[in-house]
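Student: Hi! Could you walk me through this one?
Tutor: Happy to. Let's start with a term or two and then look around.

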Amino acid sequence: RDVELSRELMRGCATALLGVVGDRARLGRLRGEQLAVRWPGASEDEVRGLAELVRRRLAAVEISPDSGSESVTTTVSIGIARCPADARSLEFLLDAAGRALSAAQREGGDQVEDAARLDAGAVDVPPFEQGAIFRNERMVRVVESARRAARSDASVLVTGETGTGKEVIAQLVHRRSARASRPFVTVNCAAFPETLLESELFGHERGAFTGAERRREGRFELADGGTLFLDEVAEMTPSAQVKLLRVLQERQFTRLGGTRTITVDVRILAATNKDLEQAVADGEFREDLYYRLNVIRLAIPPLRERREEIPPLVDQFLREAVRRAGSGPSGLTSAAMDVLYRHPWPGNVRELKNVIERCAVLCEADQVGPEHLQLDVGPADGAFLAPRGAPRDDLNARQRKLLDYLARNGRCTNREYYEMTSTSPRTGLRDLQDLMTRGLLIREGKRRGAVYRLP
């Protein structure tokens, strides 16, 4: 009966909210008993006024049980999330709303009664993830999927080439999960020989093998209650795969040389730069283990397929490197950025970070030029490593300015381009068409509603 009353009360609250919100905003379920209102373009005063109206309206919701016992009412906590204008992702907005509400509950909870108290629950939220840069649409979808995956305890398999940031995504899943306050333990399965990997994962008893002078807990025990990240999982030995499968099925294992069964509560995140499907077909990886790990798949594209992220990544890496060194160059010349756009990046983001850190240490000029980059040359016969033409080759100044703008801001409309370059619509459209023909620009929409972005 209590569950029915709770549902009836939620329906009453939703009806009251719809009456308040009307056509001005969008109402949706956040989670559990939490409701979220999205109001694009509203000023802070308008939102605070709406919050006060919502509080009064919900306080008036009252449900009377049929038995004649005391009626049920509700109390309200409200958090306000001020989101940046470019935060159009629904997943991001819901996450911001959830964090704002948590802040409000910590600061006052049901005692929040007036708009002034909402200051404690107001938060400024960065676009997407703090400390990470995602401008590419495919990467944005990966991040949104990672946030959704964080809500469950399902196993996640992160795939992508070496250096694309698989561990960054794994940490994101852990940080956004209910296990965030518990350990995040990492194991590189390729770093241990066959005889030591099982000991590293499951631990060993004293005397289990030569050199085992004392009992040692494995990574599974250290990660109990939290998350275990298995990097390069395709490198696991067949015997370790069998034990891992058992842990995933039964949540139990024994240490090497031991007889006591140990029960753990661990979420598994795995990553690989290999084709696991092919490894299964070749008999190198167990098919049943593959299906256990591949409940949720997050595929990270290589850096050469998300080049629009290169300028902000360069800015971030250079800023960090200069801060650690105490001094260094202030930025990169246009010619140096052209070279970075040309490079195939076989080492992906890790390679880019190493290049920028090397420049920060060795470059004595105010700005990094092409001569300071010292880029490694990839395999000559690798077709996928063939560098494409730099976005600035044979372009006029207007087109170069647009590419710089898109690298920083992501999108641009026809009108914005005309105003930015002080050109006529006819000339501007010719510039844009030329860029699209070269494959340097993508158009979404038509006519006045068209928006342009980098590939």
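Tutor: Two strands pair if DSSP finds at least two bridges between them. Helices (H or I, at least four residues) and strands (E, at least two) are DSSP runs, numbered from the N terminus. This is a predicted model, where local features need pLDDT of at least 70, side-chain atom pairs count only at pLDDT 80 or more, and totals for chains, interfaces and linings use all residues. Residues are numbered from 1 along each chain as its sequence is written, and side-chain values use heavy atoms, with hydrogens and water left out.
Student: Good. Which strand does β17 pair with, and in what sense?
Tutor: β17 pairs with strand β18 (residues 451-453) in the antiparallel sense, over 3 bridges. Opposite Glu444 you find Val451 of β18.
Student: What is the strand order in that sheet?
Tutor: The order is β16-β18-β17, an open sheet of 3 strands with antiparallel pairing. β16 (412-413) and β17 (442-444) are the edge strands, each pairing on one side only.
Student: And how many helices and strands in the chain?
Tutor: The protein chain has 16 helices and 18 strands. Buried residues account for 45% of its 455 residues; buried means under 20% relative accessible area, exposed over 50%, and partly exposed in between (1.4 Å probe, protein chains only).
Student: Let's go to β7. Which way do its side chains point?
Tutor: From strand β7 (residues 156-159), Val156 and Val158 point one way and Leu157 and Thr159 the other, and all are buried.
Student: Which strands does β7 pair with?
Tutor: One is strand β12 (residues 267-272), which runs parallel to β7 and is joined to it by 4 bridges. There, Leu157 stands opposite Ala270. Strand β13 (residues 296-299) also pairs with β7 in the parallel sense, over 4 bridges, and Leu298 in β13 is the bridge partner of Val158.
Student: Switching topic: how many aromatic pairs are there?
Tutor: The count is 5 aromatic pairs. Rings of Phe, Tyr and Trp (its six-membered ring) pair if their centres lie within 6.5 Å; planes under 30 degrees apart count as stacked, over 60 as edge-to-face and the rest as tilted. Phe220 and Phe253 form a tilted pair, 5.9 Å centre to centre with 45 degrees between the planes.
Student: Where do those two sit?
Tutor: Phe220 is in helix α7 (residues 219-222) and Phe253 in strand β10 (residues 252-253), so the pair ties together parts that are 33 residues apart in sequence. Phe220 is buried at a relative accessible area of 1%, and Phe253 is buried at 3%. Ring pairs also link Phe202, Phe220 and Phe253 into a cluster.
Student: How many disulfides does the structure hold?
Tutor: It holds 0 disulfides, a disulfide being a pair of cysteine sulfur atoms within 2.5 Å. Cys359 is in none, and its nearest cysteine sulfur, that of Cys363, is 6.7 Å away.
Student: Are those cysteines buried or exposed?
Tutor: Cys359 is buried, with a relative accessible area of 1%, and Cys363 counts as buried at 7%.
Student: Last one: which residues of α16 are buried?
Tutor: Thr427, Gly428, Asp431, Leu432, Leu435 and Met436 are buried in α16. After α16 comes Gly439, with a positive phi near 80 degrees.
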